[in-house]
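Have the sequence and the 3D view open as you go.

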Amino acid sequence: MNVGAFRAMRLILHRELSLSFRRPDQLLQPLVFFLIVTTLFPLALSPEMSLLRDMAPGVLWVAALLSSLLSIDALFKGDADDGTLEQLALSGQSLSVIVIAKTIAHWLVSGAALVVMSPLVATALGIPVDAFATMMFSLALGTLTLSWLGAIGAGLTVGLRRGSVLLSLIVLPLAMPLLIFGASATDRAIGGESPAGALYFLASLCVFTSSLAPLAASAALRITLE
Amino acid sequence: MNADAAALTVDQVHVWRGDRHVLRALSFGVDAGQLLHIWGPNGTGKTTLLRVVCGLLRPEQGQVAWGGRPIERIRSEYQAAMAYASHEAALKGDLTALENLRYAVGLKRRVRDDELRATLERTGIGAGADLPARVLSAGQRRRVAMARVLAMRAAVWLLDEPFTNLDVGGSALMSRMLEEHVDQGGLALVVAHHELELNRPIRRLELSA
Amino acid sequence: MWTWFYRLASPPHVYRTAAALTPWFYAVAAVLIGYGLVDGLVFAPRDYQQGDAFRIIYVHAPSAWLSLFAYTTMAVAGAIALIWRIKVGYAVAAAAAPIGASFTLSALVTGSLWGRPMWGTYWAWDPRLTSELILLFLYFGVISLRQAFEDPARGDRAAALLGVVGVVNVPIVHFSVTWWNSLHQGGTVMRLGKPEMPGSMLWPLLAMLAGFMFFFGAVLCMRVRGEVLNRERQSTWVREAVKS
Amino acid sequence: MGGYARFVWPSISLAIGVLIWNIWSARRHHARALLRATRAVAMARSEEQ
């Protein structure tokens, strides 16, 4: 009579989303950070739109990467601190099911929110409207891949007192390929060429990470929960 | 209420915490309908033992078996039939008592809210069911954790200091719950540094320093 | 047939075997590196394009190769320890990490020194140097993760898991960096590649590669003995080892 | 041999430096581990008395 994996995932997804929306300020923080970081670049470089447009894909992607990295720390932290992570681990559901549901919920709340916000930032950086579709699609794939890598990093460092800096040091090198493919897909779209090549690589990276990360993240959690 | 619990056996378990040899060649068995009181001063590995038995901590040597099968191989099945309560009440502060139960128990069995409300009522949290858990007192939070254990209808109970923060009424309720669980063929390991007032036979395991 | 596998897993056996192997590895390494350096620097002909600057390859290529080999050794040892619960694996992984990191650094610096005469600058985001740099970050992540845990046993397991995740990513990083480089610079710029090597240039290089591998073996054995001691302080065999 | 000065010698000496560092650091690491082990053994023996 026990509960199937999909039903459990739905339940955890519901739990995570209702928890996130109980603290809307924590949802907004990474988004505002995304805006602030992208505003730094025109100030640092120049208000000249033509110059900004060349830099736009890189700026957008680095800002998106850093803002989702900010919220990854909270993936397991809250549950680990109040002891509910143990309850989830002992629920009889496999740890991977729990990790998948929590990571997807985290992505919806952080990555997807960044994607929805990205047109705002893109216009500020002079990215033409017809490049928006590719940009948003590549950003969606990129932030999802990052959430999976973040789940591994968070699983490894959640038990540590000063784990959040180490989390970024662990996740960023692993995230460099997705940055390369994502930024160049957006860059190609702006230049009018077809971004297909980069998008295919990004998509394959996303599928690869989505299949392996739950195993690695649950193994990491098992070490932390000892 | 819950199916007869298969026997739980711990066999030659050794655990080191850094350089400290916390558990040395520990062996015991608990059958269905029995309650084992794990007793001993602080720092003698009571909680470590419970974490080994529930499958969170893997011992360096030795084995824990449930119904004769090692728990590593039947991890999901074993943990689905178990209710573990750590020494802190482990509730999400932003969720109400009812929601905490819905998400925790819902992972183990299909359960409707009205049954959860009834269980909360029974442990004295009827009024507070819809309050965020963070506003509840420590004793009330312990009663919500008690309701969670009850609602899971688990065959195996692993409780770490379940009487902490409970007032006289709460402790009596906890004792009644344990008696009921054992009578129905359930199995329980209770870590407590004080006497347990249960009018049932209690086996005791003393952990020395 | 499995006895060697279990003997390999027993710390005292590993401790003694490592002690026995170390001098031999050092000897062979010294001979190979000695020959390689002398032959490579003195007798090998100048390269018609790069002149003498190409001789840096005799230290750059072995360092780069070793940085990757050490990471793989670390990851495989960690995986063996995690999967078959052989504690010695953690000692080997912990021993291999700093050695690999030092050779990654050596590869990076010698690479940029080699780049100076070719590109006019010390750093030109050459795909191989960039991959090497990212490998250094991966090493840094694994080493600091292991030390971040109070309980060394958990630090070992976390670092081993990160090592496995990292080794899966090394080819991905290398591919994407090469793709990224060819995308932007069209691959025309003279990359840090080996010029076509006649025999007289090649033999010293092979000798240096083999010499570095034996050197890695020697230093790894020494470090493994220390790591095994750190993890086995309570066991009885340590008393004899300590007295000897 | 003149053309070597600018870049070849620094690279070679650096690489050799890394080799030497590895040897020195491995020896020191082993010596420290031995020290800790002896202290642990001594402590264990004193506990047994």
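**Exercise 1. Find the handedness of the crossing of α1(A) and α6(A), then describe how they pack.**

Step 1: α1(A) passes α6(A) in a right-handed crossing; a crossing is right-handed if the near helix is turned clockwise from the far one by less than a right angle, and left-handed if anticlockwise. Helices here are DSSP runs (H or I, at least four residues), numbered from the N terminus.

A quick note before going on: this is a predicted model, where local features need pLDDT of at least 70, side-chain atom pairs count only at pLDDT 80 or more, and totals for chains, interfaces and linings use all residues. Residues are numbered from 1 along each chain as its sequence is written, while chains are lettered from A and ligands numbered from 1 in the order in which they are written.

Step 2: α6(A) covers residues 95-109, and its axis comes within 8 Å of that of α1(A), crossing at roughly 40°. Axes are lines fitted to C-alpha atoms, for helices over the stretch in contact, and angles run from 0 to 180 degrees between N-to-C directions.

Step 3: That angle makes α1(A) oblique to α6(A) (under 35 degrees is roughly parallel, over 145 roughly antiparallel, 65 to 115 roughly perpendicular, the rest oblique).

Step 4: Among the residues that meet are A:M9, A:I12 and A:L13 from α1(A), and A:I100, A:A101 and A:I104 from α6(A). Contact means C-beta atoms, placed from the backbone, within 7 Å.

Step 5: Sorted by class, this contact has 13 nonpolar, 1 polar and 2 charged residues (Ala, Val, Leu, Ile, Met, Phe, Trp, Tyr, Cys and Pro are nonpolar, Asp, Glu, Lys and Arg charged, the others, Gly among them, polar).

**Exercise 2. Work out how α9(A) packs on α5(C).**

Step 1: α9(A), residues 163-190, and α5(C), residues 127-148, have axes 9 Å apart and an angle of about 150°. So α9(A) is roughly antiparallel to α5(C).

Step 2: The crossing is left-handed.

Step 3: A:L169 and A:M176 are among the α9(A) residues that meet α5(C), whose side includes C:F137 and C:L145.

Step 4: The classes come to 11 nonpolar, 2 polar and no charged.

**Exercise 3. Which element of chain C gives the most to the side that touches chain D?**

Step 1: The contact joins 31 residues of chain C to 26 of chain D.

Step 2: α3, α4, α7 and α8 of chain C each give two or more residues.

Step 3: α4(C) gives the most, with 11 residues.

Conventions:
Contact = placed C-beta atoms within 7 Å.
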